[in-house]
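Welcome, and thanks for taking a look.

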Amino acid sequence: MTEDFEQRKKDHIRLALSEKQTQGLVASEFSKIKLLHHALPEINFNEVSLETTLIGQQVSSPHFVSSMTAGHADSKRINLNLALASEQKNWLMGVGSQRRELTDSLAVQEWQTIKKAVPNAKFISNIGILELIQNPVDSIVKLVENLDAKGVIVHLNPLQEVFQKNPYIDMTLGFKAIETLVKGTKTPVVVKEVGFGINSEITQRLFELGVAAVDVAGSGGTHWGWIEALRQEDDSIERQAIDAFSDWGQTTVDCLLHAQEKILFNPIWASGGIRNGVDSAKCLALGARAVGLAQPLMKAALDSEETVLKVMDLFDYQLKVAMFCTGVRKCEDYLHKKVWQCQT
Ligand SMILES: Cc1cc2nc3c(=O)[nH]c(=O)nc-3n(C[C@H](O)[C@H](O)[C@H](O)COP(=O)(O)O)c2cc1C
């Protein structure tokens, strides 16, 4: 059972990095959005600031590490690289699913060791919707406490669960479970998808339940249906079925466009297919308060802390240049200025 779990997590990393099979199977639609160039921005480039506040935390960038991995032989090194760089850059870091910690007390140690080495990293816990439904809320709150996390992310992943061949996928009580968690903890609760998008009706319902932020996590980046299907036998029904789901979901851009009327009043975050800091600027221009990166940081984290830092620096720099050249001095200004148009 433990070996299966570890092998699955390792396969996820290998397949997420196999660009042809699982990346960008859908156009991300960032090319559909044009930022409006400001030829005379009337601001000082050195004063353009990425600093912002997310779930009550002062951070140096709206970029954050989108939840990734834990619980296998390589994960301590990967997460240490991510955590060291996140601490240095003062970015929020979503940790990978803490599901294993619910049943294996040894799994908690992985994060304890990292926390000791990186005491000032700002972690956000992570758990799947099925685990949230199936476990008492106290056990989920314990995961947050173990990590001394600044918030907890619940990931919604119906398509992934199906192609993972999970024999028990009952999401009937999903909204109820999220409501129970919101009521059962003082920690901010964030809800995300894993790359197929959360539409504006669901976003609205989640905010009515009191969640602190919704990360729309749209399509255009890593395809979690393909990752799981590629782990199944060649002649399995999952392998035969997955092709029809290649362009499944709403892109990150589409989710943000549809959420426009809710965006001023609710913290909406964006992730899924963000591959440079101009994509990030487009997300902020469309009203997102935070922008999450997964696959590009995983690639870097397999290498070293320095490589992660280089990727983070590049994303922040590209975002800062895009802000300057659209006449925006701080992230929050995007909420009050329209600096984009849809390409026809
Ligand atoms: C190797 C890997 C592992 C992941 N594991 C998790 C996870 O445990 N929990 C979660 O909420 N999302 C997980 N994700 C999904 C990402 O957080 C993100 O939503 C998705 O990959 C889309 O972003 P991207 O296009 O930048 O990769 C994982 C992503 C990668 C690449």
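Which hand does the crossing of helix 3 and helix 4 have? That crossing is right-handed. Please keep in mind that this is a predicted model. The points below start with the barrel and then go through the helix pairs.

**The barrel**

- You will find 8 strands that close into a barrel, in the order 4-5-6-7-8-9-10-11, with parallel pairing.
- On average, and with direction ignored, neighbouring strands of this sheet are turned by 30 degrees against each other.
- Strand 4 (residues 63–65) and strand 11 (residues 290–293) run parallel and are joined by 3 bridges.
- For His63, the bridge partner in strand 11 is Val291.
- Helix 14 lies across strand 4, strand 10 (268–271) and strand 11, and its direction is at about 145 degrees to strand 11.

**Helix 14 and helix 16**

- Helix 14 (residues 277–285) and helix 16 (residues 305–324) have axes that come within 7 Å and cross at roughly 55 degrees.
- Because of that angle, helix 14 is oblique to helix 16.
- The crossing in which helix 14 passes helix 16 is right-handed.
- On the helix 14 side, the contact is made by Gly277, Val278, Ser280, Ala281 and Leu284, and helix 16 brings Phe315, Gln318, Leu319 and Ala322.
- Sorted by class, the contact of helix 14 with helix 16 holds 6 nonpolar and 3 polar residues, with no charged ones.

**Helix 3 and helix 4**

- The axes of helix 3 (residues 75–89) and helix 4 (residues 105–117) cross at roughly 35 degrees and come within 10 Å.
- Helix 3 contributes Ser75, Lys76, Asn79, Leu80, Ala83 and Leu84 to the contact, while helix 4 contributes Glu110, Trp111, Ile114 and Ala117.
- In the contact of helix 3 with helix 4, 6 residues are nonpolar, 2 polar and 2 charged.

**Helix 3 and helix 16**

- Helix 3 also packs with helix 16, at an angle of about 45 degrees and with the axes 8 Å apart.
- That angle is why helix 3 counts as oblique to helix 16.
- Here too you can look for the hand: helix 3 passes helix 16 in a right-handed crossing.
- From helix 3, the residues Asn81, Leu82, Leu84, Ala85, Ser86, Gln88 and Lys89 meet Glu305, Val308, Leu309, Met312, Asp313 and Asp316 of helix 16.
- The contact of helix 3 with helix 16 splits into 6 nonpolar, 3 polar and 4 charged residues.

Key:
Residues numbered from 1 in each chain as written. Predicted model: local features only at pLDDT ≥ 70, side-chain atom pairs only at ≥ 80, totals over all residues. Heavy atoms only, no water. Axes fitted to C-alpha atoms, helices over the stretch in contact; angles between N-to-C directions. Helix = DSSP H or I, 4+ residues; strand = E, 2+ residues; numbered from the N terminus. Parallel < 35°, antiparallel > 145°, perpendicular 65-115°, else oblique. Left-handed = near helix turned anticlockwise from the far one by under 90°. Contact = heavy atoms within 4.5 Å. Nonpolar A, V, L, I, M, F, W, Y, C, P; charged D, E, K, R; others polar. Pairing = 2+ DSSP bridges.
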